[in-house]
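Please open the structure in a viewer and keep the selection tool at hand.

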Amino acid sequence: VHRTWGLASESRLSSNVWLIAETFGQSKPDVHYGHAGLRIWLVPNRVQVDTTVGQRLSGGLSERWLSLGLRLLTPPLW
């Protein structure tokens, strides 16, 4: 049986900045990852930037990464 799992959290630091953290993994192969960073609203409810750093926490290999994401939200269409 192949199982995946995850746990995430968001904590508000200010009106437009959130601390985000997540850990996730799978049973076959047995690997576990984690990452954390900031979610920043540049334009409230319209433009968001996420940046995180992460690494592999188990499984024998060393992996690290940096991610940067841009999210654009449109007003409701109906």
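Begin with Glu10, which counts as partly exposed at 45% relative accessibility. The model on display is a predicted one.

The side chains of Glu10 and Arg39 meet in a salt bridge, with 2.7 Å from N to O. Arg39 belongs to strand β3 and Glu10 to strand β1, so this pair ties together parts that lie 29 residues apart in sequence. Arg39 itself counts as buried, because its relative accessibility of 17% falls under the 20% cut-off.

Asp50 lies in strand β4 and Arg39 in strand β3, so the contact ties together parts 11 residues apart in sequence.

Glu63 is partly exposed, with a relative accessible area of 31%, whereas Arg56 counts as buried at 13%. Elsewhere, salt bridges with shared partners join Glu10, Arg39 and Asp50 into one network. A search of the whole structure finds 3 salt bridges.

Now switch to a cartoon view and display the strands. They form an open sheet of 5 strands in the order β1-β2-β3-β4-β5, with antiparallel pairing. At the edges are β1 (4-12) and β5 (64-72), each of which pairs on one side only. Neighbouring strands of this sheet are turned against each other by 15° on average, direction ignored.

Select residues 47-56, which make up strand β4. This strand runs antiparallel to β5, and 9 bridges join the two. Within this part of the view, Gly54 can be picked out opposite Trp65 in β5.

Two loops complete the tour. Move to the loop between β2 (17-26) and β3 (31-43), where Pro29 is placed. Show the backbone here: the peptide bond from Lys28 to Pro29 is cis, with omega near -5°.

Finally, select Asn45 in the loop between β3 and β4. Is Asn45 buried or exposed? Asn45 counts as exposed, because its relative accessibility is 54% and the cut-off for exposed is over 50%. Its backbone also deserves a look: Asn45 has a positive phi of about 60°, although it is not a glycine.

Notes. Residues are numbered from 1 along each chain as its sequence is written. This is a predicted model: local features need pLDDT of at least 70, side-chain atom pairs count only at pLDDT 80 or more; totals for chains, interfaces and linings use all residues. Side-chain values use heavy atoms; hydrogens and water are left out. Two strands pair if DSSP finds at least two bridges between them. Helices (H or I, at least four residues) and strands (E, at least two) are DSSP runs, numbered from the N terminus. Axes are lines fitted to C-alpha atoms, for helices over the stretch in contact, and angles run from 0 to 180 degrees between N-to-C directions. Buried means under 20% relative accessible area, exposed over 50%, partly exposed in between (1.4 Å probe, protein chains only). A salt bridge is a side-chain nitrogen of Lys or Arg within 4 Å of a carboxyl oxygen of Asp or Glu.
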